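Please work through the following exercises with the structure in view. Each task is followed by a solution in steps.

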Amino acid sequence: MTMNGDAEVKVVPVRHVGRWFGGAVALLFLAMLVHTLFSKVPTGSVRCHVLNGIRSCHNVMTWRFSWGTVSQYFLNGEILSGLVKTLELTILAMVIGVGLGVVLAIMRISPSRLLSATAWSYTWFFRGTPVFVQLIFWFNINAVFPNITLGLPFLPVAFFHISANALFTPFNAAFIGLGLNEAAYFSEIARSGLISVDEGQVEAASSLGMRRSQTLRLVILPQAMRVILPPTGNEVISMLKTTSLASAVGVTELLGASGNIYAQNYEIIPLLIVASLQYLVVTTLLSIGQYYLERHFGRGASRTPPPTPIQRLRQDFFRLRSRALPSHRAPVPSS
Amino acid sequence: MTTPMVEGRGICKSFGAVEVLKGVDLTVTRGEVSCLIGPSGSGKSTLLRCINHLEQHDAGELRVDGELVGYVAREGKLYERSDREICAQRAQIGMVFQRFNLFAHLTVLDNITIGQIKVKGTSADLAKQKARELLSRVGLDGKEAYYPSQLSGGQQQRVAIARALAMEPKLMLFDEPTSALDPELVGEVLDVMKDLARSGMTMIVVTHEMGFAREVANTVYFLDRGIIEESGDPYSVLSEPRSERLKIFLSKVL
């Protein structure tokens, strides 16, 4: 840098003492974590051997976190079919939750007091009772409604009969229960998105002659998505793990599958680690998907879209390289 | 004599206990530019918004192109129009807002084509062609792919005018179109509006730009406290005000 056209002046960067100290502490804890994750403990058995007539003994060591058992079960068939069940439950429950949630949110902001009160009451009830109770309720629905009939209300007309036991199998009870519960939460997320869109957008759409449904679909919802997506990512990830409650009504999903295995071999911690790692893998994939969805729906919201992580890595790489080469000095803005 | 484009008799509008319009009469003939001036809170914007039914007037008779706004009169009764009919009425009236209100998630081109495609049922190709013509008319060639946030206020407002014109309206309403703009950007928007006025478009403009009113308007209406205090040709209203209120108002804005 130069000052008033003088010779080159050295710039001394400010020292961030607190930042360095905090960083050191964080690094220390990280080292401890890695160390304990990959530490070995004695199994209790001793192995001896004789070499050149001298007998020497040592404790047999094993991974503290039984990584051998973890890797043995990581791609186990039962675990993987549990994972598939977990994913199925998550997807079906979220489809119900998002679909019904959007309808509830639209009802909630409707000028009709009856519609808005209905939506409010739904949310009140399903948010106000434990999802675990709701799951068990749907699983035992045949105690209240042994037969489920599709017909005209209050009239002796029926099109379709089905026994509750046939409809509410453990799997169906689980995803219906989780989905109906999710709808209550999602309706609030959707509503926050809908009311976040500026009133002027609605007026502009109206002034073009768009009908209310068109305005909602073409103007409001696409812009509400930007607000709706981050908490929806939360909900999907939360749902992924809440599906483990389905094991209580007899669905062998991921956690249930690992539970079935450790009930036989008593390898509780390794199998919990297997299940947790599987959840983490799916969560990671979901987070990546969420990032790119947010980018898509964020278009138009800011003048220059932020770089993707890959673009950012590439930028960092080129910056490092240009710093390493003395001939490639970053240009200093002349002011 | 042809029917006037807009005809209002005794229009009233209240928001709760606040009476914003207290019996407004106005007649806008075809091809004429009318400017509504007046202090803030005088009801200018409300009157404009009643004309395309963004607000529903409480009393009085309001006709656009001979048709009642929001109602059908039959056998001595007024029937409220259905949503569909109101939308059809609105589609023939263009509106430009103070805050532009461009669709933030759509490009400039999509902003201008969406109404044509979704409301009028124009084919995408024709809509795009028309959008490009209009963009060039408002001096924004080559900005098709931009998002509104990447444009200046003046450019956004010109896109908003193009968006309204794309519907081929018979009447254009402007609600303080230059009030949210930096002073150096006001001119570019006013130029587009002057050009539009010369092309014979019927326009009602709520504005604080007295120069524009003087130069372009056929009739200037001075609204104060919900009534039209004074109206007439720009010269008589702006240069020879009769009412005390208008004199005070003009002394503040000129």
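**Exercise 1.** How much area is buried between chain A and chain B, and what percentage of it do carbon and sulfur atoms give?

*Solution.* The model is predicted, with local features requiring pLDDT of at least 70 and side-chain atom pairs pLDDT 80 or more, while totals for chains, interfaces and linings use all residues. Residues are numbered from 1 along each chain as its sequence is written, chains are lettered from A in the order in which they are written, and side-chain values use heavy atoms, without hydrogens and water.

Step 1. Buried area is the accessible area (1.4 Å probe) that two parts lose on being put together, summed over both. Between chain A and chain B this area is about 2,200 Å².

Step 2. Carbon and sulfur atoms give 57% of that area.

Step 3. On the side of chain A, the residues that lose the most area to chain B are Ser207(A), Leu208(A) and Arg211(A), together 28% of what that side buries.

Step 4. Contact means heavy atoms within 4.5 Å. Chain A brings 22 residues to the contact, and chain B brings 25 residues.

**Exercise 2.** Determine where Asn52(B) is placed and which residues it touches.

*Solution.* Step 1. Helices (H or I, at least four residues) and strands (E, at least two) are DSSP runs, numbered from the N terminus. Asn52(B) lies in the loop of chain B between α1 (44-51) and β4 (59-64).

Step 2. A residue is buried under 20% relative accessible area, exposed over 50% and partly exposed in between (1.4 Å probe, protein chains only). With a relative accessible area of 1%, Asn52(B) is buried.

Step 3. Leaving aside residues up to four places away in sequence, Asn52(B) touches Ser207(A) from the other chain, together with Arg90(B), Ile93(B), Met95(B) and Leu173(B). Ser207(A) is also one of the residues named in Exercise 1 for the area lost to chain B.

**Exercise 3.** Is α1(B) largely enclosed or largely open?

*Solution.* Step 1. Among the buried residues of α1(B) are Lys44(B), Leu47(B) and Cys50(B).

Step 2. Seven of the eight residues of α1(B) are buried, so this helix is largely enclosed by the rest of the structure.

Step 3. After α1(B) comes His53(B), which has a positive phi, near 65°.

**Exercise 4.** How many helices and strands are there in chain A?

*Solution.* Step 1. Chain A has 12 helices and four strands.

Step 2. Of the 335 residues in chain A, 31% are buried.

Step 3. Taken along the principal axes, the C-alpha atoms of chain A fill a box of roughly 90 × 85 × 30 Å.
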